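Let's take a friendly walk through the inside of this protein, from its ring pairs to its cores and its sulfur links.

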Amino acid sequence: MTIPTLITKIQKRKLETQLKATYSVIQQAMRNAEGEGSDFQAAFVDGSDKAMKEWFDEYIVPNLKIESVCYNKPGCWHKPGEAKDLLGIKNPYEYNYGWGVNIITFTIAKGAWFDMDGYRTSDCKNLFGIDASSCLVIYFDVNGNAKPNRVGKDIYAVVQTEKGLVPAGSDRTKWQIDQNCNTGNGYWCLQKVKNEGWTISEKVLKR
């Protein structure tokens with residue numbers, strides 16, 4: 001085994017470990033938050049700055065070890081153009097402070113970065129592969145600012161709907177999910193990783 005191959009395998013294993021741990025953390029936090037109030041869904045459906053901040057402060061802050069938080073301002077997510085999808089294209093909702101409007105970005109003690117924003121029915125379906133009337137999308141970069149900073153490699157998306165927290169793409173077929181990761185933009189790759197026993201495919205990493 002050559003040194004470059006060894007390094008690649010070590011980096012791959014580390015990403016897989018970070019991904020599984022980060023997903024577990026946000027899944028548990030959202031599960032806890034859901035049980036704390038019947039209006040859990042209402043705030044992020046509203047989508048205003050005020051509603052999002054109040055929702056975040058009430059439901060998310062008590063359930064995560066947050067290091068820093070940015071309410072609709074830069075400082076807790078990638079600078080514009082630094083993070084892209086597997087096609088090399090920036091997020092269609094990228095602004096100078098993150099991905100989305102009226103968003104909240106934050107970092108946690110384990111080193112992961114998060115970006116959350118509410119989306120309409122069409123976006124839930126077309127971009128995130130979720131059939132819902134509205135949804136809260138949470139992007140997370142498992143290793144923060146460290147490279148590769150690519151959706152499907154170290155950046156993933158989960159979606160909160162009335163059904164709970166699910167990986168983007170979970171309402172699509174295995175074939176559709178594989179196509180999204182192997183030749184598409186990679187937004188549904190978390191579901192592929194879960195389907196394959198928390199393994200990031202070599203094909204995706206080489207893209």
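## Aromatic pairs

Rings of Phe, Tyr and Trp (its six-membered ring) pair if their centres lie within 6.5 Å; planes under 30 degrees apart count as stacked, over 60 as edge-to-face and the rest as tilted. By that rule the structure holds 14 aromatic pairs. In one of them, the ring centres of Y93 and Y119 are 5.3 Å apart and the planes stand at 75 degrees, so this pair is edge-to-face. It links distant parts of the chain, 26 residues apart: Y93 is in the loop between β1 (66-71) and β2 (94-95), and Y119 in strand β5. Helices (H or I, at least four residues) and strands (E, at least two) are DSSP runs, numbered from the N terminus.

Y95 and Y97 also pair, this time stacked, with 6.1 Å centre to centre and 15 degrees between the planes. Y95 is partly exposed at 37% relative accessibility, whereas Y97 is buried at 15%. Here buried means under 20% relative accessible area, exposed over 50%, and partly exposed in between (1.4 Å probe, protein chains only).

## About the model

This is a predicted model, in which local features need pLDDT of at least 70 and side-chain atom pairs count only at pLDDT 80 or more, while totals for chains, interfaces and linings use all residues. Residues are numbered from 1 along each chain as its sequence is written, and side-chain values use heavy atoms, with hydrogens and water left out.

## Nonpolar cores

A nonpolar core is a set of buried Ala, Val, Leu, Ile, Met, Phe, Trp, Tyr and Cys residues joined through side-chain atoms within 4.5 Å. The largest one has 34 residues, and I138, F140 and Y156 have the most contacts inside it. Several elements each supply at least two of its residues, including α1 (3-34), β6 (134-141) and β7 (155-161). The largest share, seven residues, comes from α1.

Apart from this core lies another of 22 residues, with A83, Y119, I155 and W188 among them.

## Disulfides

What links the cysteines? There are three disulfides, each a pair of cysteine sulfur atoms within 2.5 Å. C70 and C76 have their sulfur atoms 2.2 Å apart, and the torsion about their S-S bond is about 65 degrees, so the link is right-handed.

The link of C124 and C135 is left-handed, with -110 degrees about the S-S bond. C124 lies in helix α4 (residues 121-126) and C135 in strand β6, so this pair ties together parts 11 residues apart in sequence. Finally, C181 and C189 form a disulfide with sulfur atoms 2.3 Å apart.
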